[in-house]
Amino acid sequence: MAGPASWGGRGNQAGGPKPPRTLLQRLIYWTAVAAVWGLIFLVVFFAVFARGLPDTSSLYEVDRQPSITYLDRNGALIATRGTQMAPPADLDALPDYVPAAFIAIEDRRFYHHPGFDPVGMSRAMVANMRAGRVVQGGSTLTQQLAKNLFLTPDQNLRRKVQELMLAVWLEMKFSKKEILALYINRVYFGAGAYGIEAASQRYFDKPAKELTVGESALLAGLLKAPSRYSPVSESERAATRATVVLNEMEEAGVITAEQREAAVLQPVIVSRTLATQHAQYFIDWLDKSIRGLVGEPTEDLVVETTLDLTLQTSAERSVRRILERDKSRGVEQAALVALDGDGRVRAMIGGASYAESQFNRAVDARRQAGSAWKPFVYLAALEAGYTPTTQVIDEPIRIGNWSPQNYSNTFAGQMTLAQAVAGSVNTVAASIADQIGRDSVARAARRLGIESRIGLEPAMALGAVEVSPIDMATAYDAFANGGRRVQAYGINRIRTPQGRVIYQRSGGQNGQAINNPSLYYLNQMLRGVVTGGTARSVQIPGRDLAGKTGTTSDYKDAWFVGYTGGFVAAVWVGKDDNSPMRGVTGGSSPAAIWKGFMQAALPRLNAPRIPDGPAMPEGWQAPDPIGDLLSGMGEGAPVEPVDPEQGRPYDAPDPAPAPVQPAPSQPVVRPTSPQPAPEPQRQPEQRADPLFF
């Protein structure tokens with residue numbers, strides 16, 4: 001009995017209640033439990049988010065679209081489209097303030113965090129909660145690098161966790177200096193530039209090692225939003241952002257107060273070629289052609305163009321000056337195309353501001369030509385047997401139910417054809433087109449390169465045809481080059497940066513489009529427009545110039561297309577909404593733009609006189625009185641004013657006009673189907689519609 005009792009007693013003692021754990025023991029226990037479950041959670045969490053994590057072996061691979069570099073006729077850089085890379089900049093070769101600018105504005109605690117910054121993230125969270133929107137970012141420079149190298153721009157939890165994981169991996173694999181070097185050599189700076197070296201070349205035409213404090217601040221400020229803070233299109237906003245960066249640099253001790261003050265006072269000059277925004281219209285025009293010539297680019301290309309940057313700059317200055325001068329008269333937009341005698345585009349402006357509107361009015365706009373169309377009427381007339389001395393009558397006429405009027409609302413009676421051209425007499429042009437056939441006029445315009453639709457309505461003779469400036473320049477080029485038809489083009493050669501030629505324009509011969517004496521006569525008459533007609537304001541002493549003004553009804557469009565030997569420029573002004581300007585004629589704003597451009601261009605061009613063209617027919621002799629007629633000294637000069645600003649139309653006194661015929665006879669109407677049949681029983685309309693001059 002004693003045995004069992006003794007055994008039971010020992011059992012009761014061993015099975016008694018355990019002493020309670022101390023507070024420390026409980027804390028350790030539950031901490032261990034939480035750690036285990038936390039570790040399990042983290043493993044599962046990161047395992048889930050690590051799925052689909054990009055391959056980090058692509059760290060040194062650059063995936064980008066091929067770039068296309070455009071050079072002018074002399075090899076000067078116009079623009080680079082697509083992505084531009086440059087050899088990586090050596091961090092040790094850069095001034096200390098260059099990388100410091102990026103650290104100051106992007107990640108002040110860069111050297112003190114393991115890839116992510118809890119302090120910065122907390123600060124950004126508080127600021128965003130107070131503002132009720134995102135006003136601060138908590139991403140470190142390393143996180144930005146991870147995003148740029150490996151991830152998409154999507155804003156979601158998965159991408160953010162992957163960004164943190166990759167940032168920690170980068171910090172474990174690379175030193176801070178290597179991470180910083182990777183960052184500034186791979187980040188996007190806008191304008192197609194990746195990396196500090198490419199950005200420095202693109203924006204400032206200099207290597208990164210020569211950047212100033214101000215330029216470094218501007219580039220560092222771009223990273224927040226390259227388009228929003230572009231120094232080209234948003235110069236004021238870019239300057240404000242650069243000042244913020246300078247303030248951060250001074251506060252961080254990167255630069256002194258004196259350096260900051262000097263940087264603020266020293267203007268940052270953006271590359272002239274990058275700032276030449278109007279040349280971008282030309283590049284847009286070429287971009288479509290390149291793909292037609294070589295297909296979709298698969299490697300970097302260099303395009304050698306016909307553009308002359310010096311002439312382009314002269315055109316921009318002239319357009320900008322006249323748009324500013326005449327904005328009170330409703331002149332809002334302008335377009336200019338300049339061609340040499342073989343059709344090479346030497347300058348092109350497609351609008352007032354490329355940054356505000358990329359629509360290329362020089363190529364894609366179709367506006368009524370007004371009296372700038374009349375040379376095609378008179379060319380057809382000359383080819384039908386008219387001469388500059390042929391007598392014509394400025395009188396009221398009616399073609400079907402249409403009665404054209406002159407700008408002056410008067411009729412000068414009998415005059416020569418040359419005088420009618422110089423004074424841009426509407427009734428004469430309409431009557432001649434009706435007599436020779438408007439189909440003949442259309443064929444003449446087509447032969448010279450007009451590609452727009454040409455209707456055969458009576459008003460076509462006065463320019464009721466929608467054309468583009470490049471079409472008009474192309475057509476007038478035949479007047480300037482001896483009668484040869486040309487096709488406007490802008491690409492000479494396409495090659496790789498290594499020199500392998502992919503496309504070379506052949507030097508094919510242009511066919512003869514105008515023979516003599518028609519070309520000789522037409523050039524003489526269009527010279528008269530400049531020496532004594534509606535374009536007297538464009539005269540340049542010592543230069544052989546010719547051309548034609550054009551103004552449409554209610555002053556919606558105004559043109560001047562003028563030329564000298566082997567060089568032509570077409571200028572249009574108006575509004576995009578097709579509303580009227582205030583009294584703007586072809587002899588005012590367009591002529592002023594043309595003259596300003598040509599005054600700068602002609603010394604560079606060394607242009608000869610306007611060529612006479614092919615040989616004259618055997619036995620032909622120039623009419624002796626033609627010089628007097630063209631100088632405006634003959635009798636019967638028209639009374640149409642040149643420009644409302646000039647006060648009176650000509651220097652010479654106006655002679656008394658010939659008596660106006662009280663009742664014009666019914667004009668001859670050719671029996672071509674698109675033309676209206678005579679309607680003698682109907683009365684002429686009271687109002688000319690449209691009115692061109």
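This is a predicted model: local features need pLDDT of at least 70, side-chain atom pairs count only at pLDDT 80 or more; totals for chains, interfaces and linings use all residues.
**Entry 1: charged pairs**

I started with the charges and found D340, D342, R344, R346 and R484 linked in a network of salt bridges (a salt bridge being a side-chain nitrogen of Lys or Arg within 4 Å of a carboxyl oxygen of Asp or Glu). Residues are numbered from 1 along each chain as its sequence is written, and side-chain values use heavy atoms, with hydrogens and water left out.

Searching the whole structure gave me 28 salt bridges. Side chains of opposite charge can pair when their charged atoms come close.

- E215 and K206 join through their side chains at 3.1 Å, N to O. E215 counts as buried because its relative accessibility is 7% (buried is under 20% relative accessible area, exposed over 50%, partly exposed in between, with a 1.4 Å probe and protein chains only). K206 is buried too, at 17%.
- D434 and R438 form a salt bridge at 3.1 Å, N to O, and both residues are buried.
- R609 and D612 form a salt bridge at 3.6 Å, N to O. Here R609 is partly exposed, since its relative accessibility is 47%, and D612 is partly exposed at 34%.

**Entry 2: the sheet with β4**

Next I traced an open sheet of 5 strands, in the order β5-β4-β14-β13-β12, with antiparallel pairing. For the record, strands (E, at least two residues) and helices (H or I, at least four) are DSSP runs numbered from the N terminus, and two strands pair if DSSP finds at least two bridges between them. At the edges I have β5 (345-349) and β12 (546-551), each pairing on one side only. From one strand to the next the twist averages 5°.

I then checked β4 (residues 333-340) against β14 (residues 567-574): the two run antiparallel and are joined by 8 bridges. A338 has A569 in β14 as its bridge partner.

Helix α14 (residues 309-325) packs on this sheet and touches β4, β5 and β14, contact meaning heavy atoms within 4.5 Å. The direction of α14 makes about 30° with that of β5; axes are lines fitted to C-alpha atoms, for helices over the stretch in contact, and angles run from 0 to 180 degrees between N-to-C directions.

I counted 17 residues in α14 and a reach of 24 Å from its first C-alpha to its last, close to the 24 Å expected at 1.5 Å a residue (the expected span is 1.5 Å times one less than the number of residues). At the start of α14, a side-chain oxygen of D308 comes to within 3.0 Å of the backbone nitrogen of T310.

Which residues does V337 touch? Leaving out residues up to four places away in sequence, I listed A347, A362, P469, I470, A473, V568, A569 and A570. V337 sits in β4 and counts as buried because its relative accessibility is 0%. I also noted I349, 12 residues from V337 in sequence and 6.6 Å away in space, C-alpha to C-alpha.

**Entry 3: the mixed sheet**

Another open sheet has 5 strands in the order β2-β1-β3-β10-β11, and its pairing is mixed. Its edge strands are β2 (77-81) and β11 (501-504), each pairing on one side only. With direction ignored, neighbouring strands are turned by 15° against each other on average. I looked at one pair: β10 (residues 491-495) and β11 are antiparallel over 3 bridges, with Y503 in β11 as the bridge partner of I494.

**Entry 4: helix α17**

Why is α17 (residues 426-436) described as largely enclosed by the rest of the structure? Because 10 of its 11 residues are buried. Among them are N426, V428, A430, I432, D434 and I436; D434 is the salt-bridge partner of R438 from my first entry. The buried residues of α17 pack against α15 (374-383), β7 (391-394), α16 (417-422) and α18 (438-448). Just after the helix, G437 takes a positive phi of about 100°.

Notes
A polar contact is a pair of N or O atoms within 3.5 Å; within protein, one must be able to donate a hydrogen and the other to accept it, and residues adjacent in sequence count only if both atoms are side-chain atoms.
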